[in-house]
Amino acid sequence: MDDNFFVRLKGRRVSNRFVRRFSYITSLSLFFLFALIVLMLSTEGIPLIREVGLKGVFFDKEWLPTEGKFGLFNFIFASFYTTLLALLFSIPVSILTAIYLSEYLKKKVAMYFKLIFDVLSGVSPVIYGFWGIVVIVPFVRKTIQPICEKLFPCRIFLSDNKSGFSVLSASIVLAIMVSPLIVSISEEVIRAIPFEIRQSTASLGATKWEIIKKVLLKRARGGIFAAIILSFSRSIGETMAVLMVAGCQIKGTPISFFDASYPLPALIANTFGETMSIPLYKSAIFLASLVLLILTLLGNFIGWIILLRIEEEQS
Amino acid sequence: MGAKCPIEVNNLKVSYKKEEILKDMNLTIPEKGITVILGPSGCGKSTLLKCFNRIIELEEDVKVEGEIFVDKEDILHPKTDLIALRKKMGLLLQKPQVLPMSIYDNVAFGAKLHKKMKKNELDELVERELKKVNLWDEVKERLNSSAQSLSIGQQQRLCLARGLAVEPEIILGDEPTSALDPLSAEIIEKLFLSLKENYTIILVTHILRQAKRLADYVAFIYLGEVVECGKKEEFFNNPKDERTKRYLSGIIAG
Amino acid sequence: MKKIEESIFKFLMVSSLVLLIMALLSITIAVFVKGYNALSLKMIFTTPKGGYYLGKEGGILNAILGSIIIALSATILSFIYSFFIVFYINVYRYSKSNFSKSVRFLLDLLWGIPSIVYGAFGFAIMLIFKIPASMIAGIITLSFVILPIMARTMDETLRMIPFELKQVGFSLGATRLEISYKIMLRQSLPGILTAILLSFGRGLGDAASVLMTCSFSDSLPTSLLKPVATLPLSVFFQLSTPFKEVQERGYASAFVLTFLMLFVSLIARLCTKSLSKNVVK
């Protein structure tokens, strides 16, 4: 080995070390970024809690910023209402689809369907909002609402709001938005169940449906649960589509499917510009963001932990 | 560059996640010629091989203790220049692993790292190394096509040429024929025989017959220990250890 | 009895699939039918006259250009950022090391943060440094939104690279830097391109973050420090007006936006194939 080699090696080492350090710092900065997000929203949001108190923020129903009342209850309630209703629509449809894709279709055919879901779930949220406005809202207004009012005249189906911009419209749009996510995770979890397990149950004389019902769903329930939690996170943070079809009026707690709904993200998006001048108003918007951050982080945390554990079990 | 580097392994211990893979290993590998490390699968022979160029440390949770002397230097010492060490040893894996580039670039890759070379020097080098492994005539028309397009046997020869191009003194082979068809395996074996004059070759295998065909020296490893080592004739005709006898007669399955 | 149960469920499964496909199809149809009628050369090549919310003349050129510039810049920024992270956790560290795992997990968490929260974060920073709603604020915020998507998608392709390939690099005496850009980069090129295009598509479509950070404008994007128009917001604002002519601009924006996103995603899939010539399988 000549000197040339060692001279050259020295240079190679220097650049390698430089990139190593730089990349290390870059990777660490990611943790810093995360901490910064939490910190910024907290410092901006906490003053409101100090002023009005936890109870005043989270359980007060009145939102009258000009009078110093910043109850977020109705918005948080609307968020959960809309999201849970969306999941109620989406879960059965998505899981049935996932089972069909993984158990009844060939892998290649299923791939094509997943590709369609994949591509369309990447489409902008405002496009879903657009679809909500031109298709779902009129449908709710002209068809679903009148029928429901006639058939089931109880509080949950009756509302003064006849516009179609409502909890129900928002939930339907959200359900369609998150379904691809539930389908793709559930399908993967079900498909990953080893062939031997199906085979051994089949050799006991079980039909395909019995295997699905008694073995596969039981084994896949962790993954399916994770998918549901993740899509809960996704839909509670969804802003634009909901903002476009939910009605977004400050009119008390939404009870009926046809009441207008005003979820947290929509509140943030709608009011941030007006808040600059009133310090507490500003604080309220950041507090709303913080609540949203915590809710979505919690959901994601649980969901990913479950999925990671499943992945580790398999390998 | 004369190759005079007997390798001496002293008290080598390797553990993976607290599980001992090699326990207190002692071994001397003579220079030049082919030393075959023989043993049933899972006995730790690949692990031993990967200690020589310290590739073993790439995996996490691996702990290596002991000494390995190459050229009278302890390569397990923390101050060892890993790049110089690895340049000194060419490694051939079980399954040929070509680099994601053309045939030409595969051969030139290592050499270009270590030395600034002109285009015509590189051309010469590529031709020379490909000729060494008898691949030149088969690929000279398509040096710029992807290495992926070669047959698996050709790929393994390409990997050998790629290793030779960095001018190593020692060649490590980790069951280099086990993924190949019999014909390609034979070609590789012949190559080893032709290379042994100039290089110290260490081959890991669990195939008895291959060991008989290729070896000058044999070391038999069983359950993480060196059971017996010595010259080929002595080892096969007059094994001393009971376990060696049982392995040779096929009682310990490979 | 068992048979009947199975057929009922099978029927339900097929209808679920059909329902989902129909819904997604109806989105595409709604966008293309409404948008196609609103589309004209004038629509694409002029800016709105007399205010985007009220003015009945003009087109959406401001939004098209704005969106492309913002999404492109954010993609470049987040690509550079994630490039170092991803190679660090896969080459300089063992892919399965605890450090790499925690970075990966953090990225997954960041992915889950809604874009409106990133918007609020960007907005908070703008308040501190007294930066007005501007293109630069939008670009930076958007690059945080797409960072986890970019980094995780790239990471997945690097993680799938066989360990032996790195081993070969090391045994030839390459440094980790050389292994990164001479071997791993080549091997993962198709995957990296997919990650870039995917993130670019997401950047084009994201609205909540730009709503809070770069506002909207009638004019063409000229300065980093001025508000800028984007397609998603063009859809959002102009659909909510009572004027039919303005709504048309919203429809056209929806059409262009969807077309761009589908196009990008199509390119992503095509490029992946043509770039994998040298890739080792």
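This is a predicted model: local features need pLDDT of at least 70, side-chain atom pairs count only at pLDDT 80 or more; totals for chains, interfaces and linings use all residues.
Which residue of strand 2 of chain B does B:Ser15 stand opposite?

View 1. Residues are numbered from 1 along each chain as its sequence is written, chains are lettered from A in the order in which they are written, and side-chain values use heavy atoms, with hydrogens and water left out. B:Ser15 stands opposite B:Glu20 in strand 2 of chain B, and strand 1 (residues 7–16) of chain B pairs with strand 2 in the antiparallel sense over seven bridges. Strands here are DSSP runs of E with at least two residues, and helices are runs of H or I with at least four, numbered from the N terminus; two strands pair if DSSP finds at least two bridges between them. The four strands of this open sheet have the order 2-1-4-5. Strand 2 (19–29) and strand 5 (73–74) of chain B stand at the edges, each with a single partner strand, so one side of each is left without a neighbour in the sheet.

**View 2. Strand 7 of chain B and its parallel partners.** Five of the five residues of strand 7 (residues 170–174) are buried (under 20% relative accessible area, with a 1.4 Å probe and protein chains only), so strand 7 is largely enclosed by the rest of the structure. Strand 6 (residues 89–92) of chain B runs parallel to strand 7 and is joined to it by four bridges, with B:Leu92 opposite B:Gly173. Five bridges join strand 7 to strand 8 (residues 200–205) of chain B, also in parallel, and B:Leu172 stands opposite B:Ile202.

Definitions and conventions: Buried means under 20% relative accessible area, exposed over 50%, partly exposed in between (1.4 Å probe, protein chains only).
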